[in-house]
Amino acid sequence: MDGIVHGSAVQRDSIDVLDFHVPTAGAAAVPWQLPPGTRVFTGREHDHERLGFLLPTSGGANAAVAGVGPVVVGLHGPAGIGKTALAVRWLSDLRDRFPDGLLYARFDAGGPAHARNPDSVLAGFLLALGVAQHALPAEPERRIALYRALTADRALGVLLDDVGEVEQVMPLVPSGSRCVLVVTSRRPLSGLIEQGAWPHQVAALSLDHGMALFEGIAGPDRVHADLQTAAALVGLCGGRPLGIAVLAANAALHPAVPLADLAADLVQDPLDTLDREDDVVERAVTANYEGLPPLGQVLLRLIGVQPVSRFTLPILLALPVSSHEQPPPGRDVEIADEQRSDPASLSRSRRAAQVRRVLDDLVAARLLTHHPAGNPAATDDAVDPTGTAGPTWEIDAVTHHLARHLAETTDPEDVRLAALVRVVDLVLWPVLHAADLAVTPYRRRTPYPGTSVSRPGEAVAFADRAAALAWLERHVDTVAAYARALHAAGGHRRAWHLVDALWPLWLHRKHYTLRLELDALGLRAAHACGDEAAQAEMLTRIGLAQTSLHVFDEAVEALKAALGLRLTLRDRWGEADCRDALGLYHQAVGDIDHAGDQFRLAARQYQAVGALREQAVTNHNLGALYLDADQPHLAQVQLSRTVDEFAALPQPDEYNALRTRIDLARAHLGLRQYHDARALAVVAVDGMAQQANPLEHARALEVLADIAHATGDPAYPHRLADALALYESVNSPRADRVRKLLAATGTPAAAMSDGDRTAGDPQAQRP
């Protein structure tokens with residue numbers, strides 16, 4: 001047959017397979033199978049603009065996309081990102097372009113109907129286009145030919161939703177140039193793109209648009225009653241419209257439940273909080289996971305094991321994604337020396353490239369969010385244990401919860417523990433240990449499990465102690481999270497070491513609430529290891545903290561238990577630590593005599609074991625005790641001698657030397673030697689400001705205030721205000737005294753200085 005065939009005919013490979021198909025049903029209604037759109041739709045203006053460009057215009061402005069075939073658009077993105085809602089809204093807006101109707105089919109890629117045969121979809125389309133049931137061709141090829149013939153001259157829309165593979169699409173592509181086919185899939189369908197389809201990635205909603213969606217469903221009253229929590233809820237959903245919508249519906253259905261409670265539930269158990277009868281959120285995230293290559297699935301599960309939600313590339317490179325990096329069954333988790341310098345058999349550059357490719361897969365599946373280097377989201381509060389401002393990857397709460405569940409049901413316990421150990425050994429511990437050494441180089445330490453963990457030529461060093469303290473302050477929550485996770489997973493010794501290495505932060509910034517929690521964890525970890533020395537160390541710290549908080553019964557109980565362990569171990573240095581701490585306890589409860597006895601015993605024991613710095617610290621405590629006993633002459637003699645002891649140390653301890661000067665200034669003040677007192681206090685104020693220690697800085701300012709009061713200096717209320725601001729910044733009990741003194745001056749509270757505010761808790765103590 002030559003020439004042009006019009007109407008219901010399709011020519012295939014040769015003339016002998018030419019088929020004429022004439023529908024035998026009567027006139028059929030125009031099909032409009034598009035699902036109903038969502039009532040609340042926001043944040044897709046840019047997508048609409050891009051999709052609109054793909055349509056040929058009457059003036060031929062879009063000649064590049066105007067061809068003889070249909071317009072084919074591929075919307076891709078992870079499950080729950082809003083592909084279907086976007087497609088439905090866009091095609092609804094184009095209804096006038098489709099006078100011959102719109103066909104719709106959903107394939108549920110990865111879901112219960114993932115094996116759905118496109119032949120059955122094609123049969124449904126033919127019936128919708130007017131073909132009688134008895135006239136449907138039996139052979140797939142004939143059905144395809146009939147479908148193409150029927151769509152050749154029609155202006156028809158077709159939406160194929162949640163497609164898993166290009167083979168499902170090809171039989172359903174209409175043939176007419178006035179047709180528009182939209183395909184949604186979780187990954188780009190390369191075979192379809194090769195045939196001329198236009199790919200468009202559907203991205204997550206911004207926070208503003210997510211908030212608009214949440215408000216549109218939950219209602220403005222719910223949102224505006226607690227905007228901050230509403231924003232946090234939206235952020236926890238990772239920009240996925242599905243999760244935001246389900247969460248907003250929960251808020252609307254339970255108006256008596258505060259959003260803060262909903263947020264707490266979401267953090268605790270995201271899948272349960274977002275649960276619906278059809279498990280739609282869990283199925284969406286699971287489908288994204290199942291679509292990953294095997295290495296991507298392993299990496300996501302090991303990310304799920306981690307106790308933080310943001311990761312630098314060094315953390316991700318440390319994860320044991322290949323089988324040879326994971327411990328043999330029944331073996332202790334340990335890292336071989338060659339793995340410390342190269343976490344895999346691949347070269348570091350090849351491994352980084354491999355992991356980056358897998359990360360790209362996770363980002364494409366919306367299982368991770370990538371924050372490039374320099375992005376404010378990556379530097380403001382990102383978890384970056386290396387201290388470098390590189391790119392980070394973030395996992396949202398729902399995905400994190402599911403990834404952790406998958407790891408618990410897929411990977412053995414030792415593999416999950418190895419994922420924690422490698423991150424701690426290769427990334428976190430080297431920096432934490434360096435910070436500890438920079439701030440308190442004189443501390444007694446027990447060896448960390450294994451050998452040195454820093455790579456050759458990459459030793460971690462801080463510019464100064466202030467930089468080390470700043471790193472500790474910024475990353476204390478990360479260290480705490482890994483300590484908890486290690487202890488829960490059976491990595492008790494490493495958990496103890498993480499807690500132990502936080503001592504410099506407790507010393508300078510206090511944080512007593514968090515400190516007591518972690519010291520108690522360290523005590524449990526030490527007990528699990530059967531390490532009595534480690535137990536004694538944590539008990540001593542707990543006793544010191546409780547003394548500072550005036551929880552005296554618990555303080556003395558912990559200190560006596562620590563002393564008993566030290567005596568059993570015949571550890572004279574450790575015994576001296578306990579006696580010094582007991583001296584502080586007795587001083588706090590007003591038992592001056594017993595406090596003095598303990599300080600003198602401790603000083604002699606320190607001297608006997610050659611702990612000269614610790615001896616000087618205890619002598620300072622004894623001098624401060626004389627001040628409490630209203631014996632300024634004895635205090636002046638004792639503290640002057642102690643200043644000389646600190647000056648003679650081979651390794652300076654500027655912090656404790658300054659603390660001694662503060663109390664020596666108090667002694668001079670008690671003797672009315674105001675000039676000497678002021679000179680010492682000014683040096684201490686400047687020094688403690690440089691030490692970034694708000695509590696001791698405040699003590700020095702308080703001494704200056706007392707001197708001003710004694711000498712009639714009008715700067716008195718201003719000194720008090722500065723000291724009060726610092727005391728309040730660390731929740732110190734001393735703030736009460738200063739607040740009362742300031743009130744007595746008639747200075748209004750609004751006149752208070754902001755001071756140097758840092759987070760923390762109360763009271764000075766032995767380091």
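**Close-up views of a predicted model**

View 1. Helix α2 (residues 83-93) lies across β3, β4, β5 and β6, where contact means heavy atoms within 4.5 Å. Its direction is at about 165° to β6; axes are lines fitted to C-alpha atoms, for helices over the stretch in contact, and angles run from 0 to 180 degrees between N-to-C directions. Helices (H or I, at least four residues) and strands (E, at least two) are DSSP runs, numbered from the N terminus. Please keep in mind that this is a predicted model, in which local features need pLDDT of at least 70 and side-chain atom pairs count only at pLDDT 80 or more, while totals for chains, interfaces and linings use all residues. Residues are numbered from 1 along each chain as its sequence is written, and side-chain values use heavy atoms, leaving out hydrogens and water.

**View 2. Five strands make an open sheet.** The order is β4-β5-β6-β3-β7, and the pairing is parallel; two strands pair if DSSP finds at least two bridges between them. Because β4 and β7 (198-201) stand at the edges with a single partner strand each, one side of each has no neighbour in the sheet. On average, neighbouring strands of this sheet are turned by 15° against each other, direction ignored. Inside the sheet, β3 (residues 71-76) and β6 (residues 180-185) run parallel and are joined by six bridges. Look for G74, whose bridge partner in β6 is V183.

**View 3. Strand β4 is mostly covered.** Of the five residues in β4 (residues 102-106), four are buried, that is, under 20% relative accessible area with a 1.4 Å probe, protein chains only. Five bridges link β4 with the parallel strand β5 (residues 157-163), and R106 stands opposite D161 in β5. Helix α3 (residues 118-128) lies across β4 and β5, at about 155° to β4.

**View 4. Helices α31 and α32 pack together.** Here α31 (residues 674-691) meets α32 (residues 694-711) at an angle of about 155°, and their axes are 8 Å apart. That makes the two roughly antiparallel, a word used for angles over 145 degrees. Among the residues that meet are Y674, A677 and M688 in α31, and H697, L701 and I707 in α32. By class, this contact has 14 nonpolar, two polar and two charged residues; Ala, Val, Leu, Ile, Met, Phe, Trp, Tyr, Cys and Pro count as nonpolar, Asp, Glu, Lys and Arg as charged, and the others, Gly among them, as polar.

Terms used. Buried means under 20% relative accessible area, exposed over 50%, partly exposed in between (1.4 Å probe, protein chains only). Angles under 35 degrees count as roughly parallel, over 145 as roughly antiparallel, 65 to 115 as roughly perpendicular and the rest as oblique.
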